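Colleague: I'm new to this one and would like to learn how to read it. Could you walk me through it, feature by feature?

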Amino acid sequence: MKILHRYILGLLLKNFVIGLSMFVFLFLMVDFFDRLDNVLSDGASFMLIVTYFLCKIPLMVGLMLPIALIFSVLFTFGLLAKSSEITAMRASGQTLFWLARPLVVMGLVLSVFSFLLGEYVVPYAERKQKQIYNLEIRQKDKKGGYSQEDFWWRNGNSFFAVDLFNSSSKTLNTFSQFELDADWNAVKRTDAKVVEWISDDLGWSMRDVVRYHFDTQPVSVEHYHQVPLVIGERPEDFYGFKDDPSTMSYREIRHFINKQRNNGVSTAEYLPDMYSKLAAPFVVFIVGMIVLPFTLIPSRTGSMAQSSLAALFVAFAYFAVDSFSISMGRADLLPALLAAWMANIVMGTVALILNLGAEAPR
């Protein structure tokens, strides 16, 4: 690696670490004081509180990667331009693209890191922090906070309906199961007054059961005092929250979509989120390249304020385009794949034009 490249890369890394640490710390402090009353009022232990906030860091890091890189590029190249070091480097025959090689490498590495973080760390950390906050700190399940009424779900050719799930007692009240054959004809119906969760080993148990067999003539009816219910769902699966697609991994959301399709549920609104798992990490690289041309303004004007405002405006335009295109994809007004990559295509083109224009003196 050239001496100039090592020099620029060192400055970029130093400013990036400073920016990332600062932004993550600020967001962590805001969230800490926002949650402090709830956390302290429920008498949570110190270690539980620390674990909860530590689990929030991976998502914050993922969200702050582009912002930290913008900060790093503005301060690194902006100060180099203000002190005329960029001018001296370019006067020696070096092009902007040559000087930007450390940024290109760093941006691509951070994009890969962003993908790996979102794929393997963020989903686990988000589920853990929700579990700690809702179940261990607030204890919503024991207080009945996750009870819900009148819902149903499907598993293959079986449909299940429940009048009330009581999270405090872990019971399904007024439960019905309908089993259909390949031609969608009713084969069996099972009604239970109450379904209780016994344990992880024993699962669910139905009480006061009535079972109807429609595949016999006449229809036969059976009564049972207690019968096991063999389903894959646990009490936690009926809690009133679900994973946000923004915090699910690509594999998890793809598995979720396939499961919904098999159950006959429309998945069009989730497809843009799935494809964005592959497209979104490149925001780190693209915003860095968008900001780069604006850092040359101080060498011409002597002020970093104009370059900083212009760079931030253009860089944050990426997020506006991304939000708009994803919304269009969810509404089925754009193909899901195009909606997920639209921001990268548009803003990547803008970055290329800006950098080509920066090579020519004004």
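Predicted model: local features only at pLDDT ≥ 70, side-chain atom pairs only at ≥ 80, totals over all residues.

Colleague: Let's start with helix 6: how many residues does it have, and how far does it reach?

Modeller: Helices (H or I, at least four residues) and strands (E, at least two) are DSSP runs, numbered from the N terminus. The expected span of a helix is 1.5 Å times one less than its number of residues. Helix 6 covers residues 250–262, so 13 residues, and spans 18 Å from first C-alpha to last, close to the 18 Å expected at 1.5 Å a residue.

Colleague: Which residues of helix 6 are buried?

Modeller: Buried means under 20% relative accessible area, exposed means over 50%, and partly exposed is in between (1.4 Å probe, protein chains only). In helix 6 the buried ones are Tyr 250, Ile 253, Ile 257 and Gln 260. Seen down the axis of helix 6, they fall within an arc of 95°, so they line one face of the helix. That arc is taken from the directions from the helix axis to the C-beta atoms. On the face turned away from the buried side you'll find the exposed residues His 255 and Asn 262.

Colleague: And what do the buried residues of helix 6 pack against?

Modeller: Contact means heavy atoms within 4.5 Å. The buried residues of helix 6 pack against helix 5 (101–137) and helix 7 (271–279).

Colleague: Where is Ala 311 found, and is Ala 311 buried or exposed?

Modeller: Ala 311 is in helix 10 (residues 305–330), and it is buried, with a relative accessible area of 0%. Leaving out residues up to four places away in sequence, Ala 311 touches Leu 74, Val 291 and Phe 294.

Colleague: Which residues form a nonpolar patch on the surface?

Modeller: Patches are made of residues with over 30% relative accessible area and no salt bridge; like charges are joined within 9 Å, and nonpolar side chains (Val, Leu, Ile, Met, Phe, Trp, Tyr) within 5 Å. Here Met 22, Phe 25, Leu 26 and Phe 27 form one, with about 400 Å² of accessible area together. Areas like that come from the Shrake-Rupley method with a 1.4 Å probe, and for residues only the protein chains shown count as cover. Phe 27 belongs to helix 1 (residues 3–41) and, at 47% relative accessibility, counts as partly exposed.

Colleague: Now salt bridges: how many does the count come to?

Modeller: Side chains of opposite charge can pair when their charged atoms come close. The rule asks for a side-chain nitrogen of Lys or Arg within 4 Å of a carboxyl oxygen of Asp or Glu, and by it the count comes to eight salt bridges. One of them joins Arg 189 and Asp 191 (2.9 Å, N to O); Arg 189 is partly exposed at 29% relative accessibility, whereas Asp 191 is buried at 16%. Another joins Arg 207 and Glu 196 (3.3 Å, N to O). That pair links Arg 207 in strand 5 (residues 203–213) with Glu 196 in strand 4 (residues 186–199), 11 residues apart.

Colleague: Which residues do shared partners join into one network?

Modeller: Look at Arg 234 and Glu 236, whose side chains meet in a salt bridge (3.6 Å, N to O). Salt bridges that share partners join Asp 200, Arg 234 and Glu 236 into one network.

Colleague: Last topic, the backbone. Which peptide bond is cis?

Modeller: The bond from Gln 217 to Pro 218 is cis, with omega near 0°. Pro 218 lies in the loop between strand 5 and strand 6 (220–229). Check phi as well: Lys 170 has a positive value of about 55° although it is not a glycine, and its place is the loop between strand 2 (158–166) and strand 3 (171–180). Asp 332 has a positive phi of about 65°, and it is not a glycine either. Asp 332 sits in the loop between helix 10 and helix 11 (336–358) and is exposed, with a relative accessible area of 59%.

Terms used:
Residues numbered from 1 in each chain as written. Heavy atoms only, no water.
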